[in-house]
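User: I should like to learn how to read several features of a structural model. Could you take me through them one at a time?

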Amino acid sequence: MSLWLPVLLALFISVLGGLHLLGAFRRRRPKEPPLDKGHIPWLGHALDFRNNTVEFLQKMQRKHGDIFTVQIGGYCITFVMDPFSFGSIVNETRSKFDVSHLKKQLVARAFGYHCLENERKSLEATNKHLMGDGLVIMTEAMMKNLQKLMLYSIGTVKNQKEWQYDGLFHYSSNTTFRAGYLTLFGNETVKSMGSKEKAEEFDWVHSEELFNEFRKYDSLFPNLVYAMLPLKGKLEAERLKRLFWNVLSFKKTMQKDNVSRWIIDHLQLRQEQGMAEYMQARFMFVLLWASQSNTASASFWLLFFLMKHPEALKAVKEEVEKVLKETNQEVKPGGPLINLTRDMLMKTPILDSAAEETLRLTSAPALIRTIMQDMDFKMPDGREYALRKGDRIGIFPYISVHMDPEIHPEPHQFKYDRFLSPDGIKSANFYKNGKKVKYFTMPWGGGKSMCPGRFFATNELKQFVFLMLVYFDIELVNADKEILPINQNRLGLGIVHPTHDIQFRYKLRF
Ligand code: HEM
């Protein structure tokens with residue numbers, strides 16, 4: 001018996017430890033938000049959250065009110081649904097709510113990248129290239145790459161004035177991905193290819209191949225992040241990761257022409273800190289995904305909504321033509337390409353509003369932080385809750401603001417002028433319970449980790465639509481029939497995708 005006692009004791013302690021890890025003993029303490037653990041140990045509500053994030057969070061909100069804690073895959077996450085509390089979450093110091101911890105896990109799992117100790121500082125040091133003068137340079141490079149891609153086949157395709165047919169998602173994401181990739185990661189050199197034409201042809205073929213591989217990776221991404229890929233998917237993701245690490249290697253990138261300062265500085269910073277080159281390539285893959293995935297799908301939605309709403313398309317077309325005329329430019333056969341400057345892009349309030357409305361309808365990031373210490377959380381209406389160290393706190397602006405009918409009446413409708421005041425300038429006046437809402441849309445996240453590429457991304461979207469409208473007549477093939485359901489599996493991750501592509505046609509206007 002004396003021999004068995006320690007064994008039984010050890011077994012008992014392991015079972016208790018296991019149950020603790022599964023969250024079985026978690027109880028709501030005084031002052032804490034309502035706790036809902038779900039019925040499955042450890043997993044909790046993971047499946048409901050993953051399968052239909054919107055429905056699940058709305059159900060919890062109806063049951064518990066605008067703050068509640070749910071167990072999801074071993075973690076307790078406190079969701080705050082009150083938009084007036086968002087500021088005190090996204091702007092809280094990192095010693096209380098930290099975003100790096102979760103991002104580290106995500107980039108390691110999805111891209112094989114292991115962060116630097118001072119990753120955040122390095123990220124912030126390079127943000128200057130995505131604004132101010134750096135942004136002007138990148139916007140100009142994007143404009144050239146977009147036009148090259150859009151007009152590449154002109155002169156080689158017969159009957160250019162005939163309608164060309166394509167899937168709109170395919171066309172838009174292909175064009176913006178390839179132009180964005182070439183703008184950030186550079187062009188093939190004339191020296192290595194022998195001539196300008198050959199270098200351009202290489203860029204054309206290479207960026208097309210890369211786009212096809214990127215689409216495959218991007219479609220695996222949601223399940224990869226949630227560690228729900230079956231073996232076949234895992235193997236494919238591994239193959240694709242290796243392909244991108246190779247294409248984006250330090251050596252290959254440094255041999256290119258016109259690599260953006262943003263990319264060069266990131267590489268140099270990591271080089272100076274002694275990071276191995278294979279790890280730098282993995283980081284390049286992180287940047288490729290962050291810069292291209294959302295932009296590519298947002299470009300599709302913007303063009304889709306415009307084509308679906310003829311009054312919106314007409315208003316944006318008129319604005320585009322006015323801006324073109326003011327700079328004495330005209331598109332004509334054999335004439336020069338358009339010089340679409342950043343200044344011109346700042347004179348398009350209608351297009352700005354349509355782009356913001358598109359992001360309101362299609363961006364659904366879940367913004368989640370780790371709670372770093374036991375603390376009290378005060379809501380603006382005076383309620384106070386205790387939060388536990390090690391838990392997470394999250395907001396989901398898609399439900400709390402984007403789709404709130406009080407803040408945005410008829411929230412499921414695309415209203416291209418929703419963000420315009422009656423005198424035609426940008427409007428930021430949105431109210432709930434008679435109080436002005438500061439965070440009335442949050443496609444870029446918030447606080448210090450807010451998307452640093454937001455100005456460039458907005459320019460990319462506007463450039464894409466501007467040039468499409470200037471160069472082409474465009475139409476949906478079945479404009480009346482199509483309503484496009486969204487694919488649920490991207491809710492929480494950024495811009496949603498449609499469940500299927502939709503046909504459109506385009507032909508040169510000149
Ligand atoms: C429509 C396009 C885009 C959308 C909707 C978008 C949205 C977002 C969101 C929601 C985040 C997370 C913010 C947070 O955690 O608070 C993020 C992070 C980031 N985005 Fe974007 N983004 C877009 C385009 C871009 C572009 C074009 C670039 C670069 C040129 C870029 C670079 C980044 C980077 C580097 C981060 C990580 C920031 C950090 O951890 O501090 N994004 N983006």
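This is a predicted model: local features need pLDDT of at least 70, side-chain atom pairs count only at pLDDT 80 or more; totals for chains, interfaces and linings use all residues.

User: In what order do the strands of the open sheet lie?

Analyst: The order is β1-β2-β3-β10-β7-β4, six strands with mixed pairing. Because β1 (35–36) and β4 (97–98) each have a single partner strand, they stand at the edges, and one side of each has no neighbour in the sheet. Helix α3 (residues 53–64) packs on the sheet and touches β1, β2 (67–72) and β3 (75–80). The direction of α3 makes about 130 degrees with that of β2.

User: In which sense do β7 and β10 pair, parallel or antiparallel?

Analyst: They pair in the antiparallel sense, over four bridges; R369 stands opposite I393 in β10. β3 and β10, by contrast, run parallel and are joined by three bridges, with G394 of β10 as the bridge partner of F79.

User: What span should helix α7 have?

Analyst: At 1.5 Å a residue, the 20 residues of α7 (residues 132–151) should span 28 Å; the end C-alpha atoms are 29 Å apart, which agrees. Among the buried residues of α7 are M138, M142, L146 and L149. The buried residues of this helix pack against α8 (168–185), α16 and α19 (454–471).

User: How is a helix pair described, and at what angle do α15 and α17 pack?

Analyst: Two packed helices are described by the angle between their axes and the distance between the axes. For α15 and α17 (residues 349–362), the angle is about 140 degrees and the axes are 8 Å apart. The two helices are therefore oblique to each other. A312, A315, V316 and E319 of α15 meet I350, L351 and A354 of α17; by class, this contact has six nonpolar, no polar and one charged residues.

User: Is K332 buried or exposed?

Analyst: K332 is exposed, because 8 other C-beta atoms lie within 10 Å. This residue is in the loop between α15 (310–326) and α16 (342–345). K332 and R509 are 177 residues apart in sequence, yet 8.7 Å apart in space, C-alpha to C-alpha.

Key: Residues are numbered from 1 along each chain as its sequence is written. A residue is buried if 20 or more other C-beta atoms lie within 10 Å of its own, exposed if 12 or fewer, and partly exposed in between; C-beta atoms are placed from the backbone. Axes are lines fitted to C-alpha atoms, for helices over the stretch in contact, and angles run from 0 to 180 degrees between N-to-C directions. Angles under 35 degrees count as roughly parallel, over 145 as roughly antiparallel, 65 to 115 as roughly perpendicular and the rest as oblique. Two residues are in contact if their C-beta atoms, placed from the backbone, lie within 7 Å. Ala, Val, Leu, Ile, Met, Phe, Trp, Tyr, Cys and Pro count as nonpolar, Asp, Glu, Lys and Arg as charged, and the others, Gly among them, as polar. Two strands pair if DSSP finds at least two bridges between them. The expected span of a helix is 1.5 Å times one less than its number of residues.
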